[in-house]
Amino acid sequence: MKQELKVIAAACALAFTALPALAADTMPRSEWNAKVGACAQDAKTLASVMAQLSAEDQVAFLAEVNEAISKMPVSDEVKAARFYEANSAAVRTATDGNTSAVLAE
């Protein structure tokens with residue numbers, strides 16, 4: 001009986017430890033970091049990735065995308081269009097309460 005209680009207690013502790021990670025259901029930085037280039041090229045891809053990020057990661061992700069756009073070997077007009085498309089998509093998909101932080105970026 002004592003052994004069974006220990007197993008149950010350990011299972012409960014493990015479940016509660018993993019609960020925040022499961023509840024968050026957000027994309028880890030290692031995954032979204034690999035998608036920066038594709039998102040700099042396509043605003044629809046950016047919007048789908050932004051929807052999977054936590055509020056703090058949304059700002060960091062947009063900063064990475066903006067940096068990638070700034071380094072593109074294209075004309076200033078093309079860069080301006082990509083900045084506009086990317087940042088517009090980011091503001092539209094920002095989580096509630098995070099819009100001003102995304103706008104600031």
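1. In helix 6, the residues Lys 79, Ala 86, Asn 87, Ser 88, Ala 89 and Ala 90 are buried, where buried stands for a relative accessible area under 20%, exposed for over 50% and partly exposed for what lies in between, with a 1.4 Å probe and protein chains only. The cover over the buried residues of helix 6 includes helix 4 (43–50), helix 5 (55–70) and helix 7 (99–104). Helices here are DSSP runs of H or I with at least four residues, strands are runs of E with at least two, and both are numbered from the N terminus.

2. The model is a predicted one, in which local features need pLDDT of at least 70 and side-chain atom pairs count only at pLDDT 80 or more, whereas totals for chains, interfaces and linings use all residues. Residues are numbered from 1 along each chain as its sequence is written, and side-chain values use heavy atoms, with hydrogens and water left out.

3. On the geometry of helix 6, its 18 residues (76–93) should span 26 Å at 1.5 Å a residue, and the C-alpha atoms at its ends are 26 Å apart, which agrees; the expected span is taken as 1.5 Å times one less than the number of residues. Helix 5, with 16 residues, reaches 23 Å from its first C-alpha to its last, which is close to the 22 Å expected.

4. As for the chain overall, it has seven helices and zero strands, and buried residues make up 27% of its 105 residues. Of the contacts with a separation of 6 or more, 63% are accounted for by residues 24 or more positions apart, a contact being heavy atoms within 4.5 Å. The accessible surface comes to about 6,800 Å², of which 60% belongs to carbon and sulfur atoms; the areas come from the Shrake-Rupley method with a 1.4 Å probe, and for residues only the protein chains shown count as cover.

5. Helix 5 contributes Asp 57, Gln 58, Phe 61, Leu 62, Val 65, Asn 66 and Ile 69 as buried residues, and these pack against helix 2 (29–33), helix 3 (36–41), helix 4, helix 6 and helix 7.

6. The largest nonpolar core has 20 residues, and those with the most contacts inside it are Leu 46, Val 49, Met 50, Leu 53, Phe 61 and Val 65. Helix 3, helix 4, helix 5 and helix 6 each supply at least two residues of this core. Such a core is a set of buried Ala, Val, Leu, Ile, Met, Phe, Trp, Tyr and Cys residues joined through side-chain atoms within 4.5 Å. Leaving aside neighbours within four places in sequence, Val 65 is in contact with Val 36, Cys 39, Ala 40, Leu 46 and Ala 86.

7. Asn 66, in helix 5, counts as buried at 10% relative accessibility. When residues up to four places away in sequence are not counted, Asn 66 touches Phe 83, Asn 87 and Glu 105. The C-alpha atoms of Asn 66 and Ala 40 are separated by 7.3 Å, although the two residues are 26 apart along the chain.

8. The whole structure holds two salt bridges, the criterion being a side-chain nitrogen of Lys or Arg within 4 Å of a carboxyl oxygen of Asp or Glu. The side chains of Arg 29 and Glu 64 meet in a salt bridge at 3.5 Å, N to O, and this pair links distant parts of the chain, with Arg 29 in helix 2 and Glu 64 in helix 5, 35 residues apart. Arg 29 is partly exposed at 43% relative accessibility, and Glu 64 is partly exposed at 28%. Glu 67 forms a salt bridge with Lys 71, their closest N and O atoms being 3.0 Å apart; Glu 67 is partly exposed at 41%, whereas Lys 71 is exposed at 60%.

9. Beyond residues up to four places away in sequence, Lys 79 touches Ile 69, Ser 70, Met 72 and Val 74.

10. Ser 54 lies in the loop between helix 4 and helix 5 and counts as buried at 18% relative accessibility. From C-alpha to C-alpha, Ser 54 and Thr 95 are 8.0 Å apart in space, and 41 residues apart in sequence.
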